[in-house]
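This briefing goes through the structure shown below, topic by topic. Each group of points can be read beside the model.

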Amino acid sequence: MRTAASESASALRGSGHLLSLLAVDWKGDSSGSSAAEAQCARLSEGRISPLPLADAVQALVASRDTAPLAVRALAVRVLRVHTAADSGMLLCLLLPLVQAIAHESHLPAPGPLASLLLESAIGNAELECSLYWMSHVEAQDGLRAAKEAAVYASLRKLLLERLDPSMAAELRAQSDCVAALTRATAEVKAAPDRPARVQRLRSLFAAGEALYSLASPPQPLTTPLRPGRRLGGADVSLARVAKSALAPLFLTFAAPPEAAGETSGSGAGGAGGAGGAGGAYRADRADRADRADRADR
């Protein structure tokens, strides 16, 4: 009597398609598993490049029961070939790949996919930052099992250990900034109405308060969404709260001193041009602050 697994095994023998491995009942008939493992070896022998990238991604996002370690390892090899010379492609695929790491139970010794992402991220600031924050968000997802959250916590720990110390310090500073904004949002939402919320928000930039480090940062801030862009201090006069039950905060940051100097220096007329540009900026900032105050009323 032929089982579903043995029928899948027969189909595999004549197939050169990575997705055909997902048709095997890996928990059922051992003949299906053996044929699929043999197929992994056959596909690996000099035939990695022609395999479609989409197949590899689909195999990686499948569950452990559907795509066990042998299939996942092959899919990672395909992914490595396709993204070796194009970090932008890996960045586009990063979110589903990070989510797929939940299916790897091999940390703190990283599994094949986690190893690839760690290796690819080092030295690429955008990948480093994105991998750190995506794994952070996945670890904080209340719908994840404790074991999966631990996998992401281990991944972030491994990443911080391998990063350049200056980049690791930037990511920790970003974490502190996000934590401060989270605390501030909770305090602001507790105010009785919107004018009181705006007043409370602006008071949080005073010395000793939650957002003081954003108003007077010891060094330029970096943002999780755009790690290459640096920000100066927050403009307290422009801080406001949106008309929403969630009370999202609107904060305006100045350009850091070095960026402002470069912009001023490029203005026509040398010092005179820089002065004119600075005056126009101050006038525009005052106008925006006035409009923000009117909107808050």
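**Met89 and the overall chain**

Met89 is found in helix 5. The model is a predicted one. In it, the chain has 14 helices and four strands. Of its 297 residues, 39% count as buried.

**Surroundings of Met89**

- Leaving out residues up to four places away in sequence, Met89 touches Leu53, His82 and Thr83.

- Among contacts between residues at least 6 apart in sequence, 61% join residues at least 24 apart.

**Nonpolar cores**

- The largest nonpolar core has 41 residues, and Leu113 and Leu117 are those with the most contacts inside it.
- Two or more residues of this core come from each of helix 3 (53–61), helix 4 (69–83), helix 6 (94–100), helix 7 (112–121), helix 8 (125–140), helix 9 (146–162) and helix 10 (165–189).
- Another core lies apart from the largest one and has 16 residues, including Val198, Leu201, Leu204 and Leu221.
- Beyond its neighbours within four places in sequence, Leu113 is in contact with Leu60, Arg72, Val76, Leu79, Leu97, Ala100, Ile101 and Glu104.

**Helix 7**

- Helix 7 is mostly covered, with seven of its ten residues buried.
- The buried residues in helix 7 are Leu113, Ala114, Ser115, Leu116, Leu117, Leu118 and Ala121.
- These buried residues pack against helix 3, helix 4, helix 5 (87–92), helix 6, helix 8 and helix 9.

**Ala149 in helix 9**

- Ala149 lies in helix 9.
- Ala149 counts as buried because its relative accessible area is 19%, and the cut-off for buried is under 20%.
- Ala149 and Glu138 are eleven residues apart in sequence, and their C-alpha atoms are 7.1 Å apart in space.

**The largest pocket**

- The volume of the largest pocket is about 540 Å³.
- Its lining is made up of 24 residues, of which Gln174, Cys177, Val178, Leu214 and Thr222 lie nearest the centre of the pocket.
- The elements that give two or more residues to the lining are helix 10, helix 12 (212–215), strand 1 (221–222) and strand 2 (230–231).
- Helix 10 gives the most to this lining, with ten residues.
- By class, the lining has 14 nonpolar, seven polar and three charged residues.

**Ala247 and its backbone**

- Ala247 lies in the loop between strand 3 (240–241) and strand 4 (249–250).
- The phi of Ala247 is near 50 degrees, a positive value in a residue other than glycine.
- Most residues other than glycine have a negative phi.
- Ala247 is at 0% relative accessibility and therefore counts as buried.

Key
Residues numbered from 1 in each chain as written. Predicted model: local features only at pLDDT ≥ 70, side-chain atom pairs only at ≥ 80, totals over all residues. Heavy atoms only, no water. Buried < 20%, exposed > 50% of the residue type's maximum accessible area, 1.4 Å probe, protein only. Core = buried A, V, L, I, M, F, W, Y, C linked by side-chain atoms within 4.5 Å. Contact = heavy atoms within 4.5 Å. 1 Å grid on protein atoms, 1.4 Å probe; cavity = no way out; pocket = protein on both sides within 12 Å on 5 of 7 lines; lining within 4 Å. Points joined across faces, edges and corners; volume = space filled by probe spheres on them. Nonpolar A, V, L, I, M, F, W, Y, C, P; charged D, E, K, R; others polar.
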